[in-house]
Amino acid sequence: MPGSPAQAPAEPSAAARSAAAAAPWWTRWWVRVLAIFVASRVVTTVILLIFAANQGQNPWTGPKPDYFSFATIWDGLWYNIIAVSGYPSTLPTDGGHVTENAWAFMPVYPGVVNAVMFVTRLSWAPASVLVSVACGAGAALVFHRLLRRVGLSESTALFAIVLFCVAPVSPLFQVSYAESLGILLLAVALLLLVERRYGWLFPVTLVMAFTRPSGLAFALALGLHVIYRWARRGTDPFPVRERVLSVSLTVFSGLAGLAWPAIAGLVTGSWTAYTDTEFAWRAAYIGYVHLVPFAPWFQGAQWWSTVMLGIPGWVGIVALVVIVALYAVLLFSPPVRRLGPDLLFWVIAYSVYLLAVFFPQSSTFRLLLPLFPLLGVLALPRSRVYRVLMVVLFLAMQVGWIAICWGVAGADWSPP
């Protein structure tokens with residue numbers, strides 16, 4: 001299957017490497033990737049500035065905020081609070097229920113921004129944006145290497161980078177959110193997994209689990225990887241050392257995924273501190289409930305159907321089942337299989353994780369970003385007309401996402 005080390009593209013010959021080294025610097029792959037990233041950020045900056053110029057008074061800024069003020073609203077304030085004062089030892093409550101608080105946000109991103117602030121003497125706003133932009137650029141570079149590693153052509157890989165950089169939620173690469181850092185770490189982790197460098201994955205997996213919720217999903221992907229390698233050990237050797245490392249890594253990733261909720265429980269004295277905090281954000285939709293795996297999407301389907309659309313709840317549930325079934329069929333289609341087994345395992349694992357624990361609302365668009373390997377599939381067609389239309393569509397959807405989710409209109413119910 002494409003993407004396994006045995007079938008990966010052959011290493012370039014010494015002559016090819018010499019020719020590549022002698023080529024003009026502007027033709028090298030990393031220059032092209034960075035040029036795409038910079039150009040896309042210029043476009044997104046212009047879009048954000050237009051929205052900022054038309055932004056009214058809101059809970060975070062005055063009217064017509066400057067770029068950095070506009071880029072640090074929403075969750076950016078929570079990360080700033082964490083950077084300044086850390087996490088509360090007592091959970092805030094209202095009527096006996098835990099309310100929104102900093103425990104929903106993990107510590108690596110604000111910690112990195114704090115370090116940048118210390119070194120550069122920048123304030124929170126420019127430092128946090130700088131970290132996000134730098135990590136976004138790094139993620140684009142690693143994603144290109146990942147796509148080439150699983151066997152996609154240079155043209156396809158570069159167009160996938162274009163889609164990555166102009167994606168509807170790509171403004172996250174230049175605002176005060178942890179997504180850029182999380183996607184960079186995930187891209188590195190997936191590249192290491194494809195290359196079967198299990199030892200290096202331990203520290204990456206740990207940091208990743210304390211940046212964005214990912215440990216349990218990555219553990220599931222690793223488990224699928226181990227099963228796959230065991231099943232193919234007759235044609236693709238699976239040495240004892242790699243068995244021990246990969247199984248240990250799977251367990252380690254699962255424990256890393258549980259570590260943050262455990263830390264929140266130890267500090268606050270409530271073992272449900274993390275989940276109670278997360279549920280505070282969905283209470284406005286369905287009230288205060290306990291986690292039942294896979295129930296949130298059915299609850300959401302009913303809510304969106306009855307409250308927002310005014311139609312029977314069963315219609316939303318049927319629509320959800322149909323969408324999930326079609327998505328599952330697409331995941332096993334030939335174009336997706338071209339990504340190789342390991343990227344497919346991640347997409348499956350993260351999709352299952354989303355279905356198991358998250359409630360569908362406006363933030364779901366942002367939560368789909370870790371499925372970015374699927375952009376390699378969208379980049380496969382080579383038609384110029386198709387590619388131009390995809391870029392135009394993505395840019396239009398980006399404007400829509402900023403208008404609906406990022407811009408603030410009164411008592412806004414659609415957070416990014």
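Helices (H or I, at least four residues) and strands (E, at least two) are DSSP runs, numbered from the N terminus. The model is predicted, so local features need pLDDT of at least 70 and side-chain atom pairs count only at pLDDT 80 or more, while totals for chains, interfaces and linings use all residues. Residues are numbered from 1 along each chain as its sequence is written, and side-chain values use heavy atoms, with hydrogens and water left out.

**Largest pocket**

- A pocket is an open set of points on a 1 Å grid over the protein atoms alone, with protein on both sides within 12 Å along at least five of seven lines.
- A cavity is a set of points where a 1.4 Å probe fits but cannot get out.
- Lining residues have an atom within 4 Å of a point.
- Grid points are joined across faces, edges and corners, and a volume is the space filled by probe spheres set on the points.
- The largest pocket has a volume of about 1700 Å³.
- Its lining holds 48 residues, and Tyr-327, Thr-364, Phe-365, Leu-368 and Leu-371 are the closest to the centre.
- Two or more lining residues come from each of α14 (295–308), α15 (313–331), α17 (341–357), α18 (364–367), α19 (375–378) and α20 (384–406).
- Helix α15 supplies the largest share, 9 residues.
- The pocket lining has 38 nonpolar residues, 10 polar and no charged.

**Largest cavity**

- The whole structure has 1 cavity of 30 Å³ or more.
- The largest cavity has a volume of about 200 Å³.
- It is lined by 15 residues, with Ile-183, Arg-212, Pro-213, Tyr-350 and Pro-370 nearest its centre.
- Helices α8 (179–194), α17 and α18 each give two or more residues to this lining.
- Helix α8 gives the most, with 4 residues.
- The cavity lining divides into 10 nonpolar, 2 polar and 3 charged residues.

**Surface and burial**

- Patches are made of residues with over 30% relative accessible area and no salt bridge; like charges are joined within 9 Å, and nonpolar side chains (Val, Leu, Ile, Met, Phe, Trp, Tyr) within 5 Å.
- Accessible areas come from the Shrake-Rupley method with a 1.4 Å probe; for residues, only the protein chains shown count as cover.
- Leu-216, Val-247, Val-251, Leu-255 and Leu-258 make a nonpolar surface patch of about 440 Å².
- Helix α11 (residues 240–268) gives the most to this patch, with 4 residues.
- Leu-216 sits in helix α10 (residues 215–231).
- Buried means under 20% relative accessible area, exposed over 50%, and partly exposed in between (1.4 Å probe, protein chains only).
- Leu-216 is partly exposed because its relative accessible area is 37%.
- Ala-127 belongs to helix α6 (residues 124–149) and is buried, at 0% relative accessible area.
- Ala-127 and Ala-115 are 12 residues apart in sequence and 9.3 Å apart in space, C-alpha to C-alpha.

**Salt bridges**

- A salt bridge is a side-chain nitrogen of Lys or Arg within 4 Å of a carboxyl oxygen of Asp or Glu.
- The count by this rule is 9 salt bridges.
- Arg-366 pairs with Asp-75, with the closest N and O atoms 3.9 Å apart.
- This pair links distant parts of the chain: Arg-366 is in helix α18 and Asp-75 in helix α4 (residues 75–85), 291 residues apart.
- Both Arg-366 and Asp-75 are buried.
- A network of salt bridges links Asp-75, Glu-179, Arg-212 and Arg-366.
- Glu-242 forms a salt bridge with Arg-229, at 2.5 Å between the closest N and O atoms.
- Glu-242 lies in helix α11 and Arg-229 in helix α10, so this pair ties together parts that are 13 residues apart in sequence.
- Glu-242 and Arg-229 are both buried.
- Arg-197 and Glu-195 meet in a salt bridge at 3.0 Å, N to O.
- Arg-197 is partly exposed at 39% relative accessibility, and Glu-195 is partly exposed at 24%.

**Positive phi**

- Lys-64, a residue other than glycine, has a positive phi near 50 degrees.
- Lys-64 lies in the loop between α2 (29–53) and α3 (67–71) and counts as exposed, at 61% relative accessibility.
- Arg-196, also a residue other than glycine, has a positive phi near 60 degrees.
- Arg-196 lies in the loop between α8 and α9 (198–209) and is buried, with a relative accessible area of 14%.

Methods. Nonpolar A, V, L, I, M, F, W, Y, C, P; charged D, E, K, R; others polar.
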